[in-house]
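Reader: I am new to this structure. Please show it to me, and then I will ask about the terms used for it.

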Amino acid sequence: MASTPIARPRSSSIRPHVPQVTPLLYDSKWSQPQALLAFSDMYARSVPALVGPSISGLALQLASLGRVFDIPQLSYWASS
C-alpha cells in the first residue's frame, strides 16, 4: 500500500495573529501637569495600555484615570 502524502499548511497560515504595536514615548519630567497632558494625548490616540510612570505619586493619579477610561497600567518601579 502506497503512503499518501499529508498536506501541511504553510507556517505563515498557522501563525497566530499578532497585532501591530507602535510604542509612544512621553516624558512627564516628574510633573503632574505634563503627565496629565500625556495621558490626555494617549486617550485621544486610543492606546490599549499604559506603561509607567515610575514615580508613585504620578502612577497613582494615572491609574485612577486609567480605571475610569478602562486603560490598564503597568508601573515598573512605583511602590504599591
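Author: What follows is a short exchange on a predicted model.

Reader: Why are α2 and α3 called roughly parallel?

Author: The axes of α2 (residues 32–44) and α3 (residues 56–69) cross at roughly 25 degrees and come within 10 Å. Angles under 35 degrees count as roughly parallel, and therefore α2 and α3 are described that way. The crossing of α2 past α3 is right-handed.

Reader: Which residues make the contact of α2 with α3?

Author: From α2 come Q32, A35, L36, F39 and Y43, and from α3 come L58, Q61, L62, L65, G66 and F69. By class, eight of the contact residues are nonpolar, three are polar and none is charged.

Reader: What makes up the largest nonpolar core?

Author: That core has nine residues, namely A35, A38, F39, M42, V47, L50, L58, L62 and I71. Two or more residues come from each of α2 and α3, and α2 gives the most, with four. Residues of such a core are buried, joined through side-chain atoms within 4.5 Å. A35 is in contact with S28, L58 and L62, leaving aside neighbours within four places in sequence.

Reader: How do you know whether W30 is buried or exposed?

Author: The relative accessibility of W30 is 72%. Exposed means over 50%, so W30 counts as exposed. W30 sits in the loop between α1 (11–14) and α2.

Reader: What is W30 in contact with, beyond its neighbours within four places in sequence?

Author: W30 is in contact with I55 and L58.

Key:
Residues are numbered from 1 along each chain as its sequence is written. This is a predicted model: local features need pLDDT of at least 70, side-chain atom pairs count only at pLDDT 80 or more; totals for chains, interfaces and linings use all residues. Side-chain values use heavy atoms; hydrogens and water are left out. Axes are lines fitted to C-alpha atoms, for helices over the stretch in contact, and angles run from 0 to 180 degrees between N-to-C directions. Angles under 35 degrees count as roughly parallel, over 145 as roughly antiparallel, 65 to 115 as roughly perpendicular and the rest as oblique. A crossing is left-handed if the near helix is turned anticlockwise from the far one by less than a right angle, and right-handed if clockwise. Contact means heavy atoms within 4.5 Å. Ala, Val, Leu, Ile, Met, Phe, Trp, Tyr, Cys and Pro count as nonpolar, Asp, Glu, Lys and Arg as charged, and the others, Gly among them, as polar. Buried means under 20% relative accessible area, exposed over 50%, partly exposed in between (1.4 Å probe, protein chains only).
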